[in-house]
Amino acid sequence: MSSSSRSKYTMAECPERNSVEIKEIKVIEEKQGWTCSLIVASLVGAIGSSFLYGYNLSVVNAPTVYIKIFYNNTWIARHGQAMDGATLDLLWSVTVSIFAIGGLFGTFCVSPMVKVLGRKGTLLLNNLFAVIAALLMSLALLAGTFEMLILGRFLMGVDGGIALSTLPMYVSEISPKHIRGSLGQITAIMICVGVFTGQVVGLPQLLGRESLWPCLFGLIAIPALIQLAVLPFLPESPRYLLLEKKDTARAEKAFQVFLGKENVSQAMEDVLAESQMQRNVQILSVLQLLRKRSVRRQIITVIVTMACYQLCGLNAIWFYTNSIFKNAGISSENIPYITLSTGAVEILAAVVSGLTIERLGRRPLLIGGFGLMALFFAVLTACLTLQNRAPWIPYLSIVVILLVIASFCLGPGGIPFILTGELFDQSHRPAAFMIAGTINWISNCVVGLLFPLIQKGLQTYCFLVFATVCLAGALYLFFVLPETKNKTLAEISQSFAKRNKPSSKPVEVDSCSSERKSSTGTECAQPAAIENGQVTTDKKEQERESAL
């Protein structure tokens with residue numbers, strides 16, 4: 001690269017600038033609108049990732065009876081006798097829960113994969129898990145081997161664990177900051193669309209029949225193949241190319257595609273400003289990130305948010321839905337169709353969240369969502385306790401269930417994934433998503449294991465436990481989480497600086513004052529290393545890390 005082109009983007013040189021020009025460069029940002037490439041990249045990435053995650057959450061419910069019959073018939077063919085009820089229940093529990101175990105395993109693979117393969121490369125490779133899983137599960141009945149179905153569920157969990165960390169990372173890094181939230185909500189919207197699609201195709205009139213249930217799992221390959229066909233034609237994350245691969249030419253071309261314009265100098269300079277702040281920082285491991293004081297509050301915030309995302313009790317809603325519908329006088333044959341209303345409400349609320357997140361911000365939607373869930377869970381507890389006192393109470397319970405689902409999808413359903421990408425810089429992001437994913441899947445397992453015990457012990461009062469979790473999460477976020485809407489990583493980090501109690505005060509690094517220039521007017525002295533907006537010298541940083 002020529003010296004002239006190099007000076008176009010480098011931040012090491014210190015040209016003559018007056019204070020007014022420096023202030024304008026820091027404040028003025030040229031906003032870009034939605035481009036076709038951004039939309040296609042987000043949708044295609046979500047179709048092969050979060051859509052499949054949502055689809056696999058719901059698709060296993062419709063053929064439950066037929067799958068258990070398949071398990072029993074296979075057992076008879078092997079052992080000459082029927083499977084006892086306890087063994088059948090255990091085998092079915094393994095089939096359902098192994099999806100979360102696979103997700104946890106997939107999360108552990110994210111950090112090394114995105115470092116070596118990049119964000120786009122990881123998404124593409126991840127589709128192989130989905131295709132193999134689809135073949136295994138769809139052919140299990142034909143082969144007479146239920147182990148194929150269980151292995152397929154595990155592989156789909158691995159796919160989900162990788163996808164739910166890599167996709168938000170990719171979308172966050174390709175998005176201009178003023179639409180970062182709206183574009184990030186595509187992840188949540190496609191999860192809801194996936195859940196709804198699984199409910200629809202699982203209807204008895206479609207594929208929810210004994211002879212066709214393997215097709216439900218075979219459909220998994222279609223979104224994966226779509227992503228494999230389209231995503232290679234879209235660029236890699238420009239931030240990854242510039243900051244980690246040091247490939248300026250490809251990064252510039254990627255910015256041009258995603259921003260839809262030729263002049264991307266401002267975008268390049270913004271990213272290189274972050275590069276200057278991280279000049280002495282390498283991609284961190286999970287343990288290294290956990291030991292950094294400068295991001296301690298961010299880590300705790302992500303852990304609390306992701307834990308509340310799973311422990312807020314939405315999964316418990318599905319346990320009571322059928323019984324509430326029956327008490328309202330809805331026949332068993334019509335309940336699957338009425339249940340579709342819950343999926344439709346999820347999609348609608350997620351879309352509303354995507355349309356309003358850049359106006360209202362992350363804080364109001366996230367805190368308000370958890371707060372409303374706590375309120376509606378309390379109302380639902382009263383409705384379920386008094387449902388036999390009046391004929392209209394079961395109908396009120398249905399309305400409250402829909403309000404709980406809507407409250408979840410308005411904020412807690414998607415914003416946790418966006419926050420993880422916004423609270424950490426390039427060197428911290430892979431490890432941060434690995435931590436968030438681990439908490440997500442562990443909490444998922446905890447809910448699956450403990451909810452039956454909680455429900456058995458507390459009956460309808462079990463929702464008070466979830467109301468407490470939602471209220472605690474809302475209170476924590478109210479006092480700790482700053483607004484991240486339309487802010488750069490440095491600005492977000494500065495918002496956390498006081499809470500993190502840094503050992504040294506932040507200083508300005510974007511200008512070259514006359515005192516810092518040499519008499520010849522050449523390059524300025526190298527700035528101190530900066531971590532998330534906090535300045536420390538290399539020596540002090542090494543001493544602090546060794547002490548920890």
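Predicted model: local features only at pLDDT ≥ 70, side-chain atom pairs only at ≥ 80, totals over all residues.

Mentor: Residues are numbered from 1 along each chain as its sequence is written, and side-chain values use heavy atoms, with hydrogens and water left out.

Trainee: Why are α17 and α18 called oblique to each other?
Mentor: Helix α17 (residues 335-360) and helix α18 (residues 362-385) pack at about 120°, their axes lying 7 Å apart. Angles under 35 degrees count as roughly parallel, over 145 as roughly antiparallel, 65 to 115 as roughly perpendicular and the rest as oblique. The pair is therefore oblique.

Trainee: Which residues make that contact?
Mentor: Contact means heavy atoms within 4.5 Å. Ser-353, Thr-356, Ile-357, Glu-358 and Leu-360 take part from α17, and Arg-362, Pro-364 and Leu-365 from α18. By class, these are four nonpolar, two polar and two charged residues; Ala, Val, Leu, Ile, Met, Phe, Trp, Tyr, Cys and Pro count as nonpolar, Asp, Glu, Lys and Arg as charged, and the others, Gly among them, as polar.

Trainee: What makes a space a cavity?
Mentor: On a 1 Å grid over the protein atoms alone, a cavity is a set of points where a 1.4 Å probe fits but cannot get out; lining residues have an atom within 4 Å of a point. By this rule there are three cavities of 30 Å³ or more.

Trainee: How much space lies in the largest cavity, and which helices supply its lining?
Mentor: The largest cavity holds about 70 Å³. At least two lining residues come from each of α7 (146-174), α8 (180-201) and α20 (415-422). The lining includes Pro-168, Arg-180 and Phe-417, and its residues divide into four nonpolar, four polar and one charged.

Trainee: Which helix gives the most to the lining of the second largest cavity?
Mentor: That helix is α21, with five residues. The second largest cavity has about 50 Å³ of space, and Phe-417, Phe-433 and Trp-441 are among its lining residues. The lining has six nonpolar, four polar and no charged residues.

Trainee: How do you know whether Ala-41 is buried or exposed?
Mentor: Buried means under 20% relative accessible area, exposed over 50%, and partly exposed in between (1.4 Å probe, protein chains only). Ala-41 has a value of 0% and is therefore buried. Ala-41 belongs to helix α3 (residues 36-47). Leaving aside neighbours within four places in sequence, Ala-41 is in contact with Tyr-170, Ile-174, Leu-234 and Phe-258.

Key. Axes fitted to C-alpha atoms, helices over the stretch in contact; angles between N-to-C directions. Helix = DSSP H or I, 4+ residues; strand = E, 2+ residues; numbered from the N terminus. 1 Å grid on protein atoms, 1.4 Å probe; cavity = no way out; pocket = protein on both sides within 12 Å on 5 of 7 lines; lining within 4 Å. Points joined across faces, edges and corners; volume = space filled by probe spheres on them.
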